[in-house]
Amino acid sequence: MRLYRFMSAENGLRSIRDRRLRIGRIEELNDDFEFVGIALKLKEERVAFRQMRKHLNEANGILCMSEAWESPLMWAHYGDSHKGMALGFDVPDEAFYKVDYVKERPTLASMGLNNLDEITAEDIKRLTRMKASGWDYEKEYRSYQRLKDGVPINGQTHYFISMNPNLRLREVIVGSRFKTARQEVLDAVNDPSVDVFMARGDFDQFKVVRQNQDSMWP
């Protein structure tokens, strides 16, 4: 399937040139309910769940993508207000899972559990795949990655996954406010099989579409 990673222009060009993507850290995700979406009444249970998230963060990262690139909200929030880009990748269907958007936080009772001690690995998996329905515009897919071979950058350790046959770059879509010249992006991609083009706002609907006028991106 084809999935998209939204990035700033600087990070996107760096990823293209280095042929790798940065793996996100679980504790850095922008939704504070990530992995701890279950509604728990007892303080000690809430503390235990947050400790679980910290434990998972130590050895695991996450690669987040979207199934579509046409959302103005995605361009605004993750594409640097249309100044960035979206990279389209072909990936195996089984390598990513679809996020489940829900309107209400589950409780132990709604999950068929009497107490936290009864929670299973499948229950944990369900919770890690769940987000509030307000995030559904992201149309998110995720892949969990084991962290290894960290790279020190500016005093912090970062982790990356290299582009490969299971993470094959197929599209580079730059936003309508993108400033870097077309040829610089083409040189970075250095692959004629990758479709490189600019996006623009649709004339009739609230969505982002392909800019067919090449003069708009010299």
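**Briefing: cores, a helix pair and salt bridges**

Just after helix 5, Asn190 takes a positive phi of about 50 degrees; helices here are DSSP runs of H or I with at least four residues, strands are E runs of at least two, and both are numbered from the N terminus. This is a predicted model, where local features need pLDDT of at least 70 and side-chain atom pairs count only at pLDDT 80 or more, while totals for chains, interfaces and linings use all residues. Residues are numbered from 1 along each chain as its sequence is written, and side-chain values use heavy atoms, leaving out hydrogens and water.

- Arg182, Val185, Ala188 and Val189 are the buried residues of helix 5 (buried is under 20% relative accessible area, exposed over 50%, partly exposed in between, with a 1.4 Å probe and protein chains only).
- They sit on the same side of helix 5 because they cover an arc of only 130 degrees around the axis, taken from the directions from the helix axis to the C-beta atoms.
- Their cover includes helix 1, strand 13 and strand 14.
- From helix 1, Leu13, Ile16 and Arg17 meet Glu184, Val185, Ala188 and Val189 of helix 5 (contact means heavy atoms within 4.5 Å).

**Nonpolar cores**
- The largest nonpolar core has 31 residues, and Leu21, Leu87, Phe89 and Val172 have the most contacts inside it; such a core is a set of buried Ala, Val, Leu, Ile, Met, Phe, Trp, Tyr and Cys residues joined through side-chain atoms within 4.5 Å.
- Among the elements giving it two or more residues are helix 1 (9-18), strand 5 (85-90), strand 13 (168-174) and helix 5 (182-189).
- Apart from this core lies another one of twelve residues, with Tyr4, Trp75, Tyr137 and Ile173 among them.
- Leaving aside residues up to four places away in sequence, Leu87 touches a list of residues including Leu3, Ile16, Leu21 and Val172.

**Salt bridges**
- The structure holds 20 salt bridges (a side-chain nitrogen of Lys or Arg within 4 Å of a carboxyl oxygen of Asp or Glu).
- Arg53 pairs with Glu27 at 2.8 Å, N to O, linking helix 2 (residues 43-59) to the loop between strand 3 (24-25) and helix 2, 26 residues apart.
- In that pair, Arg53 is buried at 7% relative accessible area, whereas Glu27 is partly exposed at 34%.
- Asp90 and Arg170 meet at 3.6 Å, N to O, and this pair links strand 5 to strand 13, 80 residues apart.
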